[in-house]
Amino acid sequence: MPPLSPPSAAPFDPSRPYALHPQVALRPESFGALAYHFGTRRLSFLKSRTLLAVVESLADQPSGLEACRSAGVPAEELGDYERALGLLVDSGMICERVA
Amino acid sequence: MTVVAPGTGTRLVDRFERGLDAPICLTWELTYACNLACVHCLSSSGRRDPRELSTAECKALIDEFERMQIFYVNIGGGEPTIRSDFWELVDYATDHRVGVKFSTNGSRITEAVAARLAASDYVDVQISLDGADAEVNDAVRGEGSFATAVTAMERLAAAGFTGFKLSVVVTRHNVGQLDRFLEMADHYGAQLRLTRLRPSGRGADVWDELHPTAAQQRQLYDWLVRRGEEVLTGDSFFHLAGFGDALPGLNLCGAGRVVCLVDPVGDVYACPFAIHDEFLAGNVRASGGFTSVWRQSDLFLELRQPQSAGACGSCGHYDACRGGCMAAKFFTGLPLDGPDPECVLGHGEHALDARGDIETPRPAPDHSSRPRQVAVALTSSRHGAPDPAAIRMPTADRRPDRSCDEHPLSGYAPGPVPTAT
């Protein structure tokens with residue numbers, strides 16, 4: 001099968017709604033989580049449990065920013081988490097949700 | 001592979017050395033039966049083992065993989081497609097969200113199979129080839145095996161399957177052909193995968209004559225630095241890290257930590273290169289199944305403890321190579337807490353010389369269908385000249401071997417590691 005390239009998505013925008021890509025599985029681990037994309041066969045390591053909580057809450061929150069807040073990300077760390085979500089968008093692990 | 005921070009300051013490698021709840025990379029040898037008899041087969045394959053897991057047992061194991069969220073398994077053998085339930089098991093796995101990558105010599109990749117594979121999103125294929133021409137390849141893999149593999153690649157390409165893997169074990173005789181392998185992979189729309197020759201299985205018999213010379217190790221390292229981003233290596237060459245910059249990948253021995261092997265009879269070993277009682281953690285047929293072996297076996301718990309650097313402790317490169325490959329040391333009779341036999345500083349060669357002619361551990365069990373073959377190199381091979389004219393001499397009957405090989409993160413496209421610490 002042809003491994004799909006990550007879709008050339010628009011860069012992450014914290015004000016927009018996101019969700020885990022339907023072909024991605026998350027496996028919690030003590031350090032955070034592993035994320036595996038069955039379409040691209042790429043693996044990502046989420047290096048904190050908080051980031052896992054953010055990713056898991058994306059689908060239920062109106063925006064990426066709200067997902068960070070609901071997972072308890074402190075205000076001074078929001079920039080770091082937005083960059084992390086940006087990487088996950090670039091690798092196709094999460095994608096914008098049609099609201 | 002991408003590391004996504006923010007997170008704690010702990011390096012991911014250190015996390016991995018302490019083990020995970022489930023393996024990242026699991027190799028599953030479905031059968032010891034094989035229609036080839038490659039001289040370096042890691043699992044000494046040939047004859048089917050009558051105790052092989054049944055179809056029902058295989059499905060139960062896949063159920064367990066699904067519960068543990070093992071994202072995909074690397075299926076090998078033997079030649080896995082020989083099992084009459086092979087496709088049934090592949091379908092069962094992918095229906096249960098366990099992706100499959102299987103290794104094959106290509107002999108059963110018909111046009112119909114190629115079309116079927118091209119249509120599947122969850123199955124990947126790896127064609128084994130150990131020479132860029134028939135002369136070099138067939139000396140190791142057997143008469144006609146080059147043509148078989150090429151035909152399989154032609155069929156996959158014609159069916160529109162892009163990105164399958166062309167998998168090469170780097171030897172003294174093909175190390176000069178790396179550019180040709182890359183051209184070949186490009187030609188078929190495949191991706192090249194290079195792995196290290198291990199002295200495991202029947203490989204123990206031919207390692208002395210087939211493993212790259214010291215000068216070739218350097219040549220290989222330089223090539224990987226130059227072209228490494230274009231190829232997969234399954235983290236195979238971390239023992240070369242002492243030459244300088246680390247190669248792409250985690251540079252970690254994942255045995256029992258993030259990697260393991262399940263053999264055709266359900267035995268669980270620390271890694272695909274370590275089929276020996278010394279590295280046997282348990283059997284999936286025991287109560288508690290695979291999960292319990294992975295999480296609770298004495299062997300795996302011990303491997304997840306900090307390991308002694310031993311004789312390598314005073315070496316400035318230990319952080320880079322971490323003493324190299326456990327299986328390579330074990331099967332060449334070297335202590336596990338010392339240098340790799342292919343240590344780039346030459347400590348391994350000295351250790352091999354000091355070792356003398358001891359009886360090295362024989363990988364258990366042997367499923368070779370014929371008396372073991374040994375490639376005996378002719379004069380020039382010591383100096384790295386290709387020597388496909390190596391003659392083969394039968395040796396006493398011994399253990400089994402395998403045709404596929406895997407390592408920690410094999411199959412994962414190396415990705416940016418923007419915030420790895």
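**Close-up views of a predicted model**

**View 1. Gln69(B) follows helix H2(B)****.** In this predicted model, the phi angle of Gln69(B), the residue that comes after H2(B), is positive and lies near 60°. The helix itself, H2 of chain B, spans residues 55–67 and has 13 residues. From its first C-alpha to its last, H2(B) reaches 19 Å, close to the 18 Å expected at 1.5 Å a residue.

View 2. Four residues are shown as buried in H2(B): Cys58(B), Leu61(B), Ile62(B) and Phe65(B). Which elements do the buried residues of H2(B) pack against? Their partners in chain B are strand E3 (72–76), helix H3 (86–95) and helix H10 (289–296).

**View 3. An open sheet of 9 strands is formed in chain B****.** The strands follow the order E7-E6-E5-E4-E3-E2-E8-E9-E10, and their pairing is mixed. Strand E7 (191–196) and strand E10 (280–283) of chain B stand at the edges; each has a single partner strand, so one side of each is left without a neighbour in the sheet. On average, neighbouring strands of this sheet are turned by 25° against each other, direction ignored.

**View 4. Strands E8 and E9 of chain B run antiparallel****.** Strand E8 (residues 259–262) of chain B is joined to strand E9 (residues 267–269) of chain B by 2 bridges. Val262(B) stands opposite Val268(B), a residue in E9(B).

**View 5. Chain A holds 3 helices and 5 strands****.** Read from the N terminus on, the elements of chain A run β-β-β-β-α-α-α-β. Chain A has 99 residues, of which 41% count as buried. Among contacts in chain A with a separation of 6 or more, 58% are accounted for by residues 24 or more positions apart.

**View 6. Confidence is given along chain A, with its mean pLDDT of 89****.** In chain A, 90% of the residues reach a pLDDT of 70 or more. Among the elements of this chain, helix H2 (residues 64–70) of chain A has the highest mean pLDDT (97), whereas strand E4 (residues 42–46) of chain A has the lowest (89). Over residues 1–5 of chain A, pLDDT stays under 50; for these residues the model has 13 contacts beyond four places in sequence. Where pLDDT is low, the predicted coordinates should not be read in detail.

Conventions: Residues are numbered from 1 along each chain as its sequence is written. Chains are lettered from A and ligands numbered from 1 in the order in which they are written. This is a predicted model: local features need pLDDT of at least 70, side-chain atom pairs count only at pLDDT 80 or more; totals for chains, interfaces and linings use all residues. pLDDT is the predictor's confidence in each residue, from 0 to 100. Two residues are in contact if their C-beta atoms, placed from the backbone, lie within 7 Å. The expected span of a helix is 1.5 Å times one less than its number of residues. A residue is buried if 20 or more other C-beta atoms lie within 10 Å of its own, exposed if 12 or fewer, and partly exposed in between; C-beta atoms are placed from the backbone. Two strands pair if DSSP finds at least two bridges between them. Axes are lines fitted to C-alpha atoms, for helices over the stretch in contact, and angles run from 0 to 180 degrees between N-to-C directions.
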